[in-house]
Amino acid sequence: MLTLTDYLLNERGKTKHDVTILLHQIENVSKIIASHVKASGLIDILGKTGKTNTFGEEVQKLDDFANKLLINTLLTGGQVHAVVSEENEKPVFATKANDGDYIVFFDPLDGSSNIDVTCPIGTIFGIYHKSGDILQPGKDQIAAGYIIYGSSVMFVYTAGNGVNGFTLDPAVGNFFLSHSKITMPQDGEIYSINEAYEHTFDKELRAYLQHLKKKPHTASRYVGSMVADMHRTFIKGGIFLNPGNTSRPKGKLRLTIEVNPFAYLTEQAGGKAVGLANKNPLLTVPEHIHDRTPAIIGSKKMVDEYLSFYKDGK
Ligand code: FBP
């Protein structure tokens, strides 16, 4: 049984940049977050802090805890030059004494609407080299991944050499390799979208959804946590859609923090991702760290079929 640490050490030297220690630091933080998520009903960590972040979003206690833990650990670990968190308006830089080579974008706890109801939530991260400055296209990610806190806790990541998944054995306190070389099925039968907004979708998307529903075996699954809906898509295939709509033409999800890590993982797992103007989000140079983007990500054949509904190159 290969632990995540063993695997990281074995991979050392196989990639241009050595993010072994940095990924190990994220691994350690995720174990602490996992233990608090699992005990969240018993300790005073559920509910809201009463604070709102600069985007007017209510900050959940567990979100705040995970955010502070990630920032403090990464900025004092000697590997990181700066962090960009979904919860912070601006990047936070390491002191000179702790300055490192990497920039880490992260969503400390994705799926915040599910925190208090014990539905799966997760942490998302994307790593860049500092030589490219803060605003870099997603294609320049050195590594990306997520940790899902669900019926089991898994650490799934890529450093450009395929996607691997590690399951936490809480009794031992180690992540063990459980999903080697994850390959997203080329096609699928599951679509994942919040259909409550259907009246705000464009006609092409509504036509695509009607088309899917006419297909035999099509199923709808929507947890409302991108990490959970994408994890299922990696394992079973399907398509995850958080599109632009009349009230949010650019969509809800953050390009640099939520979409680019999943687009990179999806590319590495043989799937496909499109964003603004149905283009590959990894090629977009962000204008701001909190840029939003539509996200249509999943099995290649399903994303291509979705695109076929925009024949006139919307
Ligand atoms: P948070 O990072 O604030 O949780 O927002 C992201 C998210 O919760 C995604 O995980 C999820 O896919 C989406 O928002 C759900 O949006 P909606 O509630 O509009 O369906």
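Which residues of strand 13 are buried on one side, and which on the other? I found Ile239 and Leu241 on one side and Phe240 and Asn242 on the other, all buried, with both faces of strand 13 covered. I took buried as under 20% relative accessible area, exposed as over 50% and partly exposed as in between, with a 1.4 Å probe and protein chains only.

**Basis.** I worked on a predicted model, in which local features need pLDDT of at least 70, side-chain atom pairs count only at pLDDT 80 or more, and totals for chains, interfaces and linings use all residues. Residues are numbered from 1 along each chain as its sequence is written, and side-chain values use heavy atoms, with hydrogens and water left out.

**Strand 13 and its partners.** I took helices (H or I, at least four residues) and strands (E, at least two) as DSSP runs numbered from the N terminus, and I counted two strands as paired if DSSP finds at least two bridges between them. Strand 11 (residues 190–192) runs parallel to strand 13 and is joined to strand 13 by 2 bridges; here tyrosine 191 stands opposite isoleucine 239. Strand 15 (residues 295–298) runs antiparallel to strand 13, with 4 bridges, and its glycine 298 stands opposite isoleucine 239.

I then traced an open sheet of 8 strands, in the order 4-3-5-6-7-8-9-10 and with mixed pairing. Strand 4 (92–93) and strand 10 (174–179) are the edge strands, each pairing on one side only. Helix 1 (residues 4–11) packs on the sheet and touches strand 8, strand 9 and strand 10; its direction makes about 10° with that of strand 8. Contact means heavy atoms within 4.5 Å; axes are lines fitted to C-alpha atoms, for helices over the stretch in contact, and angles run from 0 to 180 degrees between N-to-C directions.

In strand 7 (residues 143–149), 7 of 7 residues are buried. I noted Ala143, Gly145, Ile147 and Tyr149 on one side, and Ala144, Tyr146 and Ile148 on the other. Strand 6 (residues 121–129) joins strand 7 antiparallel through 7 bridges, and phenylalanine 125 has glycine 145 as its bridge partner. Strand 7 also pairs with strand 8 in the antiparallel sense, over 6 bridges, and a hairpin of 3 residues joins the two. Strand 8 (residues 153–158) and strand 9 (residues 163–169) run antiparallel with 5 bridges; threonine 158 has valine 163 as its partner.

**Largest pocket.** I looked up its volume, which is about 720 Å³. It has 38 lining residues, and Ser112, Gly224, Arg248, Lys252 and Leu253 are the closest to its centre. On a 1 Å grid over the protein atoms alone, a pocket is an open set with protein on both sides within 12 Å along at least five of seven lines, a cavity is a set of points where a 1.4 Å probe fits but cannot get out, and lining residues have an atom within 4 Å of a point. Grid points are joined across faces, edges and corners, and a volume is the space filled by probe spheres set on the points. The pocket lining divides into 11 nonpolar, 13 polar and 14 charged residues.

**Largest cavity.** I recorded about 150 Å³ of space here. Of its 17 lining residues, Leu8, Glu11, Thr15, Tyr157 and Ala159 are the closest to the centre. Helix 1 supplies the largest share of this lining, 3 residues.

Key:
Ala, Val, Leu, Ile, Met, Phe, Trp, Tyr, Cys and Pro count as nonpolar, Asp, Glu, Lys and Arg as charged, and the others, Gly among them, as polar.
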